[in-house]
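Please consider the following note on the structure shown below.

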Amino acid sequence: MRKPLFFLAIAVVLTTATVHVAQAPPAWFGIAPPAGIGDPHRPILDVSALKPAPATVLSGEEKNVDLSGAAIRRDLDAIVGFAKADRARGEKAWGRITGFRGADDTHAWVLQQFKAAGLRDVETQAYTATQATWHPKQWQVRLLANDAAGPGARDVILESAFPTSGSQLPSGPIIGSLLFVGATTDAALPEVNVTGKIVVQTLHPPAGAYSERTRTTERARELAKRGAIAVLNVIEQAGNMHVRDFSNCGVPCFNLGSDDGRFLIGVLQRANGAGIQARISLDTEMLDALKGHNTIGIVTGKRAEEIVIVNAHADGWFDAAGDNGDGLAVLVALARHFAKPANQPARTLLFVASGGHHGGGMNGPGNLVTMNPQLKGKAVLVLNLEHIAQLRFQNDPFRVEATEQPMGFGISNEAPAIADAARRGMQRYGFALRPNFSSSIAGDLGGYAPLGVPRVQAIHSGPMYHTSGDTLDTISTPGLERAARFYAFFVNEIARTDRAALQPK
Ligand SMILES: [Zn+2]
């Protein structure tokens, strides 16, 4: 549906231009340059009027103040603050990134919260990355104001540009002519010569950009094989977000936000292949032996020797409010709640703020299992809190609603007793789970596989996933409370369910 709109817009401009055929084309063909990245800590759409329904507080549960939305929101604010501080220090690829200060500060904060809550054996365990980490330091994608761009044109910097993982320009900046080659969903690449060109393609993810990974990177690699010197992926969502996704393009590859993309493609279609050029610079480093961290703490249960692990990954890209600030804030809330003697669970709970979810060779859960061999045999279940309270964003048209993003609930062994506990929790608290549960546990649970116990999570991957649009204001405060009350109930139920029912033979 979009392409006809693009062409319609171009057609209208073309018609207008034909009327003034005697005049020189205006700068950038009269297309207004994009506004830039703006304040990336603000949401990409106005969410100020959205008021999700308040959380359900059942009679007798008002006293569970650690689970209130307002309390969790304060912690989420602090967690997102570590990412904002990272950007304020000058990190262009900011976040709470494992191996960097934003993540280290987050773990120090979690450690403090666990200690203050009265958890036992609180510590931050460090481990070393087993592979080098690609780190983009500086970059720029600049459209050059040459004759083809029209008289009076000035260079336009595409501020949303974000290099895809592994991209490098070891010989310094490159300059090349730009060429638009259509959408990743087109049946085939156009029969054009891309040799020496900076090639532009569009993709249109229905949810997060991750869903277009295969198509986008395979097409980029094909373009690289045919001689393109760089690929720009225009991601059709909203505004001018950074999108951190894709890798292994074959040539340096950058993702562009929607506004930059609209301008770029508009100009290229008007120029009709005539000499629009870009200069691309990219300064990266490969960092060896970075340190990752897991921060852990224990609440002793009535049956002390059996353990339920409750995990949330502490790292994230950009502000990472929904991936995974929300999960981490709820983890801290649950730790405070269960640490109170009145709320002692039937089994021991091990709370884990894990590292390295987004970093290669630094997986937190995998290292936790290796570094704490006593968990094998004692652990009975692992629960993962990940992406659990974001407002519902959708594409086509791009919009946001006053409710939470629906989440898929996954139970690795599909044990009926676990599903039953979750369904009862859903009914009690209105947690936004999709009705059909599955055995899919794509997320932070992979590293726990060696424990050989059921692994459980709710998760979504909405349009804000891995973008700079994943900001504090996109998180539903009642949604945080729904998640916390649901998980407090669920953990209690799991803690007192027989092991044979959790893991039927
Ligand atoms: Zn995540």
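1. Basis. This is a predicted model, in which local features need pLDDT of at least 70, side-chain atom pairs count only at pLDDT 80 or more, and totals for chains, interfaces and linings use all residues. Residues are numbered from 1 along each chain as its sequence is written, and side-chain values use heavy atoms, with hydrogens and water left out.

2. Seven strands form an open sheet in the order 2-11-14-12-15-19-18, with mixed pairing. Its edge strands, strand 2 and strand 18 (408–411), each pair on one side only. Helices (H or I, at least four residues) and strands (E, at least two) are DSSP runs numbered from the N terminus; two strands pair if DSSP finds at least two bridges between them.

3. Helix 3. Residues 101–117 make up helix 3, which has 17 residues. Among its buried residues are Trp109, Leu111 and Phe114; buried means under 20% relative accessible area (1.4 Å probe, protein chains only). The buried residues of helix 3 pack against several elements, including helix 2 (69–88) and helix 6 (321–339), where contact means heavy atoms within 4.5 Å. After helix 3 comes Gly118, with a positive phi near 90°.

4. His387. This residue lies in the loop between strand 15 (379–385) and strand 16 (391–394). Is His387 buried or exposed? His387 is buried, its relative accessible area being 2%. Beyond its neighbours within four places in sequence, the contacts of His387 include His313, Asp323, His460 and Tyr465.

How values were computed
Expected span 1.5 Å × (residues − 1). Buried < 20%, exposed > 50% of the residue type's maximum accessible area, 1.4 Å probe, protein only.
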